[in-house]
Amino acid sequence: MKTPRAVRGSPGPRPLLLLLLLLLLLLLAGARIEGYRPVVIVHGVLDGPKQFEALSLYITKVHPGTEVSVIDLYDDLKSLKPLWAQVPGFRRAFDSIARKAPDGVHLLCFSQGGLICRALLSVTPDHNVHTFVSLSSPQAGQFGDTDYLKMFPDCIKKAVFRFCYNEMGQDLSICDYWNDPHHRARYLRSNNFLPVLNGERPHVHMKAWRDNFLRIKKLVLIGGPDDGVITPWQSSHFGFYNMDEDIVEMRNQEFYRSDTFGLKTLDARGGVSVCVHSGVKHIQWHSNYTVFSSCIQQWLT
């Protein structure tokens, strides 16, 4: 009986398997594998990075390997400095992180920090922010008695404008977004931050700031009726009082209809998401896992 001979040049099972593995490795080498974009967090008034340990943990738990940076600037009482004085420092810190992220970053900003972040986006050409999450931030202003306003013990809310709308008041951050609907002319004339940021007071940088803001792909607005600090709470969604203290929703605000800083354009292209949560106090937003999982997590990819 003749012994079977192997045909020369035909690979056996083992060489064939090695060949397939080699081809797979070549395919993987040519593929672009993306991780999660870095997340930059900006704190609010009278707090700092330590308040965001839980939120940072949530992010890295659901998106392992995500670089989370909580900017350590203007913490605690230093957060009361004028906002235009704070913005350059936050911008420098942000730039040092963002320039290392070729695929862009996400910006997650709480309370007063949401206004700082919007200003940062406006004044920064060619920024690479993909998603801007505004977490319980008074984006349309503040007009109400809160724990943060106990520095005005002898005043009621309808008298605060007398302090805020002058040179001394404008050296205090909370006056930079104090929006008294009963003194609209004084607000537009004497508030040097929010009317400028909103384009409610015309200035030479309006077009450039609008273009810069519109570089973001997504704006996520988060807030709720039990906040207890942001007043009215709809300000977190760009709603605000009229002179009768009735709520005017975002799409009926003049800065939206005139599209002064790009909000209407962003909304028209599907770039605005609104999330409402009841039962959440102001200081709980960044540590509430339900808020994170339902309002934030999906956007941080």
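Reader: What kind of model is it, predicted or experimental?

Author: It's a predicted model.

Reader: OK. How many helices and strands are in the chain?

Author: The chain has 11 helices and 8 strands. Of its 301 residues, 50% count as buried.

Reader: And the contacts, what share join residues at least 24 apart?

Author: That's 68%, taken among contacts between residues at least 6 apart in sequence.

Reader: Which strands pair with S4?

Author: Strand S3 (residues 105–110) pairs with S4 in the parallel sense, over 6 bridges. Strand S5 (residues 218–223) also pairs with S4 in the parallel sense, over 5 bridges.

Reader: Take Leu 135 in S4. What stands opposite Leu 135?

Author: Phe 110 stands opposite Leu 135. In S5, the bridge partner of Leu 135 is Ile 222.

Reader: What do S3, helix H4 and S4 make together?

Author: A right-handed β-α-β unit, with H4 covering residues 112–123.

Reader: Changing topic: how many cavities of 30 Å³ or more does a search of the whole structure find?

Author: The search finds 2 of them.

Reader: Which residues line the second largest cavity?

Author: Val 196, Leu 197, Gly 199, His 203, Met 206, Trp 209, Arg 210, Thr 260 and Phe 261. By type, that lining divides into 5 nonpolar, 3 polar and 1 charged.

Reader: Which helix gives the most to that lining?

Author: H8, with 3 residues. Helix H7 (194–197) and helix H8 (206–213) each supply at least two residues of the lining.

Reader: One more. Where is Leu 172 found?

Author: Leu 172 is in the loop between helix H5 (161–164) and helix H6 (184–190).

Reader: Why does Leu 172 count as buried?

Author: Because its relative accessibility is 15%, and buried means under 20%.

Reader: And how far apart are the C-alpha atoms of Leu 172 and Ser 79?

Author: They're separated by 9.0 Å, while the two residues are 93 residues apart along the chain.

Conventions
Residues numbered from 1 in each chain as written. Predicted model: local features only at pLDDT ≥ 70, side-chain atom pairs only at ≥ 80, totals over all residues. Heavy atoms only, no water. Helix = DSSP H or I, 4+ residues; strand = E, 2+ residues; numbered from the N terminus. Buried < 20%, exposed > 50% of the residue type's maximum accessible area, 1.4 Å probe, protein only. Pairing = 2+ DSSP bridges. Right-handed = clockwise from strand over helix to strand, strands pointing away. 1 Å grid on protein atoms, 1.4 Å probe; cavity = no way out; pocket = protein on both sides within 12 Å on 5 of 7 lines; lining within 4 Å. Points joined across faces, edges and corners; volume = space filled by probe spheres on them. Nonpolar A, V, L, I, M, F, W, Y, C, P; charged D, E, K, R; others polar. Contact = heavy atoms within 4.5 Å.
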